[in-house]
Amino acid sequence: GAHVTVLNRNAKRVQDAIDDITAGNSGEGTIGGIVCDLTSLKSVNDAANTLANAPQPIDVLVLNAGVQFTGEEEPRITE
């Protein structure tokens, strides 16, 4: 089985995704989660270090991030 790592900026959403995947899983493979807020360079760096030091290699990477700019304020990095 595969190992899946879920990343999200919200710890509850990480756990919800893990629960959803686990509910539909036949029991083969493993799953883990990492909190990663893309507006925080420290959070991104911490997540990258966690993945880089994981015992499993990354074989497939799926990126799904959405942003919405309303023009009312400049996008910013918090850290």
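Predicted model: local features only at pLDDT ≥ 70, side-chain atom pairs only at ≥ 80, totals over all residues.
## A first look around

Biologist: In what order do the elements run from the N terminus?
Modeller: The protein has 2 helices and 2 strands; these are DSSP runs, helices (H or I) of at least four residues and strands (E) of at least two, numbered from the N terminus. Read from the N terminus on, the order is β-α-β-α.

Biologist: Which backbone nitrogen lies 3.1 Å from a polar atom of the Ser40 side chain?
Modeller: Ser40 sits in the loop between strand 2 (30-35) and helix 2 (41-52). At 3.1 Å from the side chain of Ser40, the backbone nitrogen is that of Ser43.

Biologist: Which residue has a side chain in polar contact with that of Asp37?
Modeller: Asp37 also belongs to the loop between strand 2 and helix 2, and with 23% relative accessibility it is partly exposed. At 2.8 Å, its side-chain partner is Thr39.

Biologist: How far is the C-alpha atom of Asp37 from that of Arg9?
Modeller: Contact means heavy atoms within 4.5 Å. Setting aside neighbours within four places in sequence, Asp37 is in contact with Arg9, Ser43 and Val44. Asp37 and Arg9 are 28 residues apart along the chain, yet their C-alpha atoms are separated by 4.1 Å.

Biologist: Which residue caps the N-terminal end of helix 1?
Modeller: Look for a side-chain oxygen 2.8 Å from the backbone nitrogen of Lys12. That oxygen belongs to Asn10.

Biologist: What is the distance between the end C-alpha atoms of helix 1?
Modeller: Helix 1 covers residues 11-23, which makes 13 residues. The expected span is 1.5 Å times one less than the number of residues, so helix 1 should span 18 Å. The model agrees, as its end C-alpha atoms are apart by 18 Å.

Biologist: What share of the residues count as buried?
Modeller: Ile58, in the segment after helix 2, is exposed at 52% relative accessible area. Across the 79 residues of the protein, the buried share is 11%.

Methods: Residues numbered from 1 in each chain as written. Heavy atoms only, no water. Buried < 20%, exposed > 50% of the residue type's maximum accessible area, 1.4 Å probe, protein only. Polar contact = N/O pair within 3.5 Å; in protein donor to acceptor, adjacent residues only side chain to side chain.
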